[in-house]
Amino acid sequence: FRLIHTPVHPGTTEPAALLWNYQDVLKLCADFPAVVATISGHSHVGGYAQDENGVHHINVEAPIECPPDSTAFATFLVFSDQIIINGRGVVPSRTLPFRTPNQLGKRPLLQ
């Protein structure tokens with residue numbers, strides 16, 4: 001995992017909210033098969049994308065952007081083969097399978 005305040009994938013947020021060197025971080029995520037997801041929150045409206053390397057990019061919705069009668073929080077259950085997000089309020093629930101050996105090119109997790 002890569003926990004980072006600012007989103008690193010253009011599919012998860014508006015361009016002004018992206019990390020300035022997001023391309024470098026995306027390359028690192030692709031180069032290290034142990035990275036299966038990035039989780040961020042800077043852009044309060046939330047977003048999700050899976051890149052061409054199978055890495056999940058989650059931008060979690062913020063309570064400050066919720067309607068007055070709602071909320072935004074989630075629990076993340078991390079298993080050896082997937083993440084299950086149990087969302088509440090405006091945060092959607094998701095099941096995100098990890099990259100398969102075929103997507104990894106059967107490379108070792110750490111090089």
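Let's start at Leu3, which sits in strand E1, residues 2–3. Strands here are DSSP runs of at least two residues, helices (H or I) of at least four, numbered from the N terminus. A word on the model: it is predicted, so local features need pLDDT of at least 70 and side-chain atom pairs count only at pLDDT 80 or more, while totals for chains, interfaces and linings use all residues. Residues are numbered from 1 along each chain as its sequence is written, and side-chain values use heavy atoms, with hydrogens and water left out.

Back to Leu3. Is Leu3 buried or exposed? Leu3 is exposed, because its relative accessible area is 67% and the cut-off for exposed is over 50%; buried is under 20%, partly exposed lies in between (1.4 Å probe, protein chains only). Together with Phe1 and Val78, Leu3 makes a nonpolar surface patch of about 310 Å². Patch members have over 30% relative accessible area and no salt bridge; nonpolar side chains (Val, Leu, Ile, Met, Phe, Trp, Tyr) are joined within 5 Å, like charges within 9 Å. The areas are Shrake-Rupley values with a 1.4 Å probe, and for residues only the protein chains shown count as cover.

Next, Pro10. Pro10 is in the loop between E1 and H1. Its relative accessibility is 38%, so Pro10 counts as partly exposed. Beyond four places in sequence, Pro10 touches Leu18, Tyr22 and Leu26; contact means heavy atoms within 4.5 Å.

Now His57, in strand E4, residues 56–59. His57 is buried because its relative accessibility is 1%. Its side chain makes a polar contact of 2.9 Å with the side chain of Asp51. A polar contact is a pair of N or O atoms within 3.5 Å; within protein, one must be able to donate a hydrogen and the other to accept it, and sequence neighbours count only if both atoms are side-chain atoms.

Last, charge. How many salt bridges are there? One, with a side-chain nitrogen of Lys or Arg within 4 Å of a carboxyl oxygen of Asp or Glu as the rule. Lys27 and Asp31 form it, at 2.7 Å, N to O. Both lie in helix H1, residues 22–31, four residues apart, about one turn.
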